[in-house]
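These are my notebook entries on one structure. I recorded what I looked up and what I found.

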Amino acid sequence: MNYIPCFEQPKNADLEHFETDEKREKLLAEIRRLRGNPELYFPSVLPLWIAGQQRLRNDNALGSCVVAHDNNRIMTRYAVVTTRDINDAIESVLSARKTWAEIAWSDRLEIFNRAANLLDGKYFYQAMAVVMEDFSKTPWEAMIDIKELVDFWRANVYEAIKLYRNQPVSTDAERNYAVYRPLNGFVFALPPNNFIAIGMNLPSAPLTMGNVVVCKPSKDTIASFHFMLNILHEA
């Protein structure tokens, strides 16, 4: 298709202060919903994602997603990787490398732009409840963490376009251009356990540029990672 997509320079996402009774009640209702029915947010066991498929085998040990400020409460459990899983994950991203790199750059970038809009809109209050419970954050701390991830996803798209537009000068006699290739091999992302914005940006920034990534989220905040990963899948 002969269109040139236009991604506007992003502004920082609007901060939310929950200053009205309606907004506060909406957040409290979501927290009560998560505490009362965590299965509405998570499966009973969070699976591994390998080659686009959920994986949970009998030889996968299980870890627990414990709420730090109420450590007698478990939100869900998660599958622990085996050596076989690690090898399969590496093989799967390497086999997907060519396909992912050759997707039209505008279609690739639109995934992350759409994910930012979903997080800042449709899933904002659900994300607030998940991050508050999973990270033991106050509403303000959780909100700025989520909004920072929104900003990351949008900024990554815009900065990628700036890179692609950075082309050498051509003349009447010759046409010069630069092709930006992804890295050889794969990127391994090992996020920390204190910010969901960092936890999701470490793997998704390389993906934005056409790289493939194996990610091992922090075992302390796997529930939040799983929630955000589902938003990327929807996008």
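Which residue in β5 does L46 stand opposite? I looked this up in the model, which is predicted, and found that L46 faces Y78 in β5.

Entry on the first pairing. I then noted that V45 stands opposite R77 in β5. Two bridges join β1 to β5, which covers residues 74-79, and the sense of this pairing is parallel.

Entry on the second pairing. I turned to β4 and found it joined to β5 by five bridges, with the two strands running antiparallel. At V66, I recorded I74 in β5 as the bridge partner. I reminded myself that strands of a sheet pair through backbone hydrogen bonds, either parallel or antiparallel.

Entry on the whole sheet. I wrote down the strand order as β1-β5-β4, an open sheet of three strands with mixed pairing. β1 (45-46) and β4 (62-66) are at the edges; each has a single partner strand, so one side of each lacks a neighbour in the sheet.

Entry on cysteines. How many disulfides does the structure hold? I found zero. A disulfide requires the two sulfur atoms to be within 2.5 Å.

Entry on accessibility. Is C65 buried or exposed? I recorded C65 as buried, because its relative accessibility is 2%. For C215, I noted a relative accessible area of 25%, so C215 counts as partly exposed.

Terms used: Residues are numbered from 1 along each chain as its sequence is written. This is a predicted model: local features need pLDDT of at least 70, side-chain atom pairs count only at pLDDT 80 or more; totals for chains, interfaces and linings use all residues. Side-chain values use heavy atoms; hydrogens and water are left out. Buried means under 20% relative accessible area, exposed over 50%, partly exposed in between (1.4 Å probe, protein chains only). Two strands pair if DSSP finds at least two bridges between them. Helices (H or I, at least four residues) and strands (E, at least two) are DSSP runs, numbered from the N terminus.
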